[in-house]
Amino acid sequence: MSRVAVLKGGASFERQVSLRSGARVEDALERLGHEVTSIDAGPDLVERLEAGRPDAAFVALHGRDGEDGTVQEILELVGVPYTASGPAACMRCMDKVLSKHLIRDAGLPTPDFFAFTETAFRSLGAAKALPAIERRLEFPLVVKPAAQGSALGVRFAGSPDDVPGAIVAAFSYDARVLLERHVAGRDLAVSVLDGPDGPQALPIVEAIPHEEHFYDFEARYEIGRTSFVCPAALPGELTAAAQTLAVDVYRLLGCYGFARVDLMLDEAAGGGLQVLEVNAIPGLTQTSLLPQAAEAAGIEFDAFVARVLDLALARG
Ligand SMILES: Nc1ncnc2c1ncn2[C@@H]1O[C@H](COP(=O)(O)OP(=O)(O)O)[C@@H](O)[C@H]1O
Ligand SMILES: [Mg+2]
C-alpha cells in the first residue's frame, strides 16, 4: 500500500478531460488498496505536496503546466516520485515544432512543415514568406499551434485565403504556429507502455471520422462523431511498422512510463506512416484511446495504473 497523490485539473484548456482522467485513476488506485489524495493542481501545489509527502504522485494532467514539464520539474524539486515522463521529455513532446525537428533529424517520418512565432509574423514580416511556404507544402495544408491539445486550434486551409485566419486562430493557443503538409489518410494512435522488457507498443487504435466531420478536427474528439476501432484493421506488416515507429519515437523523445504516438497512414503512393505528435500524458478517461488499447492487449485499467505506479516508485 502506498500513499498516492493524484494530480488533476489544473488551468489548461484540457482541464475537464484531466478531471475525468484523474477521477478514473483515483478509483483504480483505491481498488488497488492505496491511500489516495486528490490534488487539483493550483497555487497551493507545492505546499500540499510538502505537507502531505506522498510516496508518489500520479500525474493525470493534460496540456499546459501538467504535460509540458512544469509540474514534473516541481515534483523533482519537492522530491516526490511521479508517473510518466520527466521534464525534458514532456517539453519535447508538448512542443510539436521541437518534436518534429527531432523526429526529422533522426530520419523518422513526419509531414513537412514550417513554423514561426507571433513575433516573426508581426515584427519580422514572416507573412511575406507565406506564399513560398504554401508552394512548398501545397494545398490543402494544416495550421496548428505548436503546443498540443485535443485538436484545439487545428485548422485546415484549402486555399491562400484560409491561411491568415487559421494562423490567427492558432495564435490564440500558442505564440508559435506550425504549417504542416496535409496527409490524406488514416488516423492511427499507437500507445506505448513501459514494462520489464522496456517500452512496448499496444494494439493500434484507428479514429474514423464520420463523413461530415472529416475536416473538423475538433469534432473528431467528440463522442459520436468519430468511430474508434481497436485493433485497427491493417495488414500485419503495417501494424508492426507503426508499432516499431511509435517505440522509436518514444525512445527518441526520452519518454517514460507511457505515452501515445499519433500517426497518419498516408494513402498516397509511396506515402507510408507519418508521425504527427507524441502525447506525454494522453487521456485516461472511459473513452480515451490508451486505456482502450491497453484493454485490447489484455491489460485492464487497474493493472495499467498499478504498472505505471510501480514504474514511478522504481524511478524514485
Ligand atoms: N498534417 C495533417 N494531415 C492531416 N490531418 C491532420 C494533420 N495534422 C493534424 N491532423 C488531424 O488533426 C488531429 C489533431 O492533430 P494533432 O497534430 O494530433 O494535434 P492535437 O495535439 O491537437 O491532437 C489529428 O489526429 C488528425 O486527425
Ligand atoms: Mg493528437
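1. Phe 116, Phe 121 and Phe 171 form one aromatic cluster. Rings of Phe, Tyr and Trp (its six-membered ring) are taken as a pair if their centres lie within 6.5 Å; planes under 30 degrees apart are stacked, over 60 edge-to-face, and the rest tilted. This is a predicted model, in which local features need pLDDT of at least 70 and side-chain atom pairs count only at pLDDT 80 or more, while totals for chains, interfaces and linings use all residues. Residues are numbered from 1 along each chain as its sequence is written, chains are lettered from A and ligands numbered from 1 in the order in which they are written, and side-chain values use heavy atoms, with hydrogens and water left out.

2. The structure holds five aromatic pairs. In one of them, Phe 116 and Phe 121 have ring centres 5.5 Å apart and planes at 10°, so the pair is stacked. Phe 121 also pairs with Phe 171 in a tilted arrangement, at 5.7 Å centre to centre and 55° between the planes. This second pair links distant parts of the chain, since Phe 121 lies in helix H6 (residues 118-123) and Phe 171 in helix H8 (residues 163-171), 50 residues apart. Helices (H or I, at least four residues) and strands (E, at least two) are DSSP runs, numbered from the N terminus.

3. Phe 116 is buried at 8% relative accessibility, and Phe 171 is buried at 10%. Buried here means under 20% relative accessible area, exposed over 50%, and partly exposed in between (1.4 Å probe, protein chains only).

4. Two arginines lie over aromatic faces: Arg 24 over Phe 301, at 3.9 Å from the ring centre, and Arg 315 over Tyr 82, at 4.4 Å. The criterion is that NZ of Lys or CZ of Arg is within 6 Å of the ring centre and within 35 degrees of the ring normal.

5. Lys 144, in strand E5 (residues 141-145), is buried, with a relative accessible area of 6%. Its side chain makes a polar contact of 2.7 Å with the side chain of Glu 180. A polar contact is a pair of N or O atoms within 3.5 Å; within protein, one must be able to donate a hydrogen and the other to accept it, and residues adjacent in sequence count only if both atoms are side-chain atoms. Beyond its neighbours within four places in sequence, Lys 144 is in contact with several residues, including Lys 96, Val 154, Arg 176 and Leu 276; contact means heavy atoms within 4.5 Å.

6. The axes of helix H2 (residues 45-52) and helix H3 (residues 70-78) come within 11 Å and cross at roughly 35°. Axes are lines fitted to C-alpha atoms, for helices over the stretch in contact, with angles from 0 to 180 degrees between N-to-C directions. The contact involves Leu 45, Val 46, Leu 49 and Glu 50 of H2, together with Val 71, Ile 74, Leu 75 and Val 78 of H3.

7. Most residues other than glycine have a negative phi, and most peptide bonds are trans. The bond from Phe 139 to Pro 140 is cis, with omega near -5°, and Pro 140 sits in the loop between helix H7 (130-137) and E5. Cys 230 and Pro 231 are likewise joined by a cis peptide bond, with omega about 0°.

8. Asp 65 has a positive phi, near 70°, and is partly exposed at 29% relative accessible area. Ala 84 has a positive phi of about 65° but is buried at 2%.
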